[in-house]
Structure formats: C-alpha cells, structure tokens
Amino acid sequence: MLKKLLLLLCLSSLVAWAAPAKARKAKSKKATPVAEQTVEAPAASADADDGFMSVAETAAPAAKVSDEDEEEENVEASMAGMNAAQRKDFLARKKFEEEQRLDEYANSERRRDWLKDRLIFEMGLGSRMPFMGESGMGMGFGIGAEYITRWHVGAYASYGFLPKVKDSEFEYWQLEGGTGYKVGLNYYFFPKIPIHLGLSASYGTVYFDHDMEPENNVRKLISVNGFQFDVLISYLTNEWYYLQFSFGMYYAPDLGKAPENNPSYKKTVDSRTSAVDTYASRVVNKDGMSKTGIVFGITIGYAFPEFFPDDTEKRRRQREKERRNAK
C-alpha cells in the first residue's frame, strides 16, 4: 500500500512539472508570427504611398527644433540668478560671439575666391603699360584699369608714354617721346590661393624704335600696333595690394609687309635720282624691326576692396549702421 502511494505521488509530481513546460513552449510558438509581423510592418508602410510624410523626412526638422529649444533652455539657465546689468552684459557677449562666428564664416567663404568682382587700378613698366622696345629707353611707363568678373575673366585697358630723353650713344641727339595704348582680356587660374596664373590676349601699341637719322638733332619715334599674348603671374588676395609679372610675345602685322608699306623702312637718297625706288631700314638693324619678339613687364596696383566689399565688410558696415542708429 505504501509503495502504491509513493508511486502515485511521483507520477503527480511529474505531471505537474511537465504541464508548465508545454505551456511555455506553446506560448513561444504562438508569439513568433506576431514578432515577425511587427518587424515587417515598417517595410510594408514604407512601400505604401498613403500621402503622409514618413518619420525619416521629419527627423531633421524635429532635430533642429530640438537643438534650438535646448539652446534657449541653456541660455535661460545661464541667466538664472542674474540681475539686470549682468543679464544685459551676458546677452551682449553672446551677440558678439555670434557675430564673430558669422564673420569668420563669411571670411572663409571669401577666401575661397579672391578673384571675383575686383576692380584694380594699375601702374607699371613694360609691355602691358603699354609697350616696350629698343633705342636705350627700353620700357614705356603707363597706367591702366582692370575689372575681374566672377568668372575670372578680366577686361583691362592701359595708356602710357615715353619721355623725350637724350640719346645714350650720341650726346647732342635726343630720342623723341610718344604715347601708346593697349586693351585686352585676361583669364586667371587658381582663385583659392594668393598666386594666380593667367593668360592674356591684347591689341594696341606693342613695340617701338627710333629713326637712326635725326632731324634737328631728334631721332623720331617709330611705334607699331599689333597683337600680344602673355603669361601672367599675379598676386591678389582680399586685401588691396596687387602685383603682376608678365612674359609674352608680340606680333605686328605691319612689320611683315613689303618695304613700301613697312614703317621700319624708308626711301633712300638715291631714289630721288633713280628710276626705281629703293628702300633701306630706318633703324639700326639693317633688316628693319622684327614683326615678332619677346616682351615682358611688371605692374603694381590697388584692388579697391571698398568698391566691391566681401561678406565680412558688408556685415561690418551693417553693424556700424545699427550702432549709429542705436545712439
């Protein structure tokens, strides 16, 4: 009898232990489809075009609003316990820091392009101001102006002169002076660094020499017009100073013509008595002036930052205006 009771008790204990395990297993099997459905639900809603804005589209504006609210709360917390004077000083300091930050950003934007919208007044010597040549004088002196657009294309014009001086080889002779001009277009590279390489094409007075035979002890000026092509090395930042070196070549079509139409030739004395006109070089070079040649020059300038102010300068002027109005 006792053995039967013990056996019945063990069997009851085994049934009681097995029943909860089966229930937990059945429950986990039933919960699996629900979990899978929960995971797949966002994908189905993303594919469906129900006309409502998704959570991802609104995340950025919500985050921005949250940041602004947090910043306002931080400012209010910082001002807690301040009197009126301290509060005013704190707000003024915050405004100054914000303006400094905006100025730094505007200045960094300007440093990305130092070429656009620049007006430059220039002066210099050599081929771009506006011509150079032989006979001891070598270079002309001139002034000019250039405007560089936001596309880094610059239009320029220059006007210059040669003074009347004594001939370096003959004490009693003088070299005649004169004037010249030049207009052209430049294209600049590397706007983000202070040194800018450029290419230039221009037209105007490109070369000069003097007649080797004087009249009234003055050797006459011979100047020719033509085309010129230069390589430019320029220094220009957002400051006012400007420096440029140029190296190039000129081409004067008139100097390649026949002697009767060539300004560097003239009739000889024998032509007055002979039936056929003969021509000889007017300059020291017996072959006349060359229609092509190497030229160079140097130019300095003032870039007028006040005429076309950058973002930082505009902000500074606006703040000064606000301060004057506040007084």
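This is a predicted model: local features need pLDDT of at least 70, side-chain atom pairs count only at pLDDT 80 or more; totals for chains, interfaces and linings use all residues.
Residues are numbered from 1 along each chain as its sequence is written, and side-chain values use heavy atoms, with hydrogens and water left out.

**Aromatic pairs**

- The whole structure holds 11 aromatic pairs (rings of Phe, Tyr and Trp, the last by its six-membered ring, with centres within 6.5 Å; planes under 30 degrees apart are stacked, over 60 edge-to-face, the rest tilted).
- Phe 121 and Phe 304 form an edge-to-face pair, because their planes meet at 75°, with ring centres 4.9 Å apart.
- This pair links distant parts of the chain, 183 residues apart: Phe 121 is in strand β1 (118–126), and Phe 304 is in the loop between β14 (292–302) and α4 (311–326) (DSSP runs numbered from the N terminus: helices are H or I of at least four residues, strands E of at least two).
- Phe 304 is buried, at 19% relative accessible area.

**A second pair**

- Phe 141 and Phe 161 are also edge-to-face, since their planes lie at 80°, with centres 5.9 Å apart.
- Phe 141 belongs to strand β3 (141–148) and Phe 161 to strand β4 (153–162), so the pair ties together parts 20 residues apart in sequence.
- Phe 141 is partly exposed at 30% relative accessibility, and Phe 161 is partly exposed at 39%.

**Cluster**

- Ring pairs join Phe 121, Tyr 235, Trp 240, Tyr 241, Tyr 302 and Phe 304 into a cluster.

Key: Buried means under 20% relative accessible area, exposed over 50%, partly exposed in between (1.4 Å probe, protein chains only).
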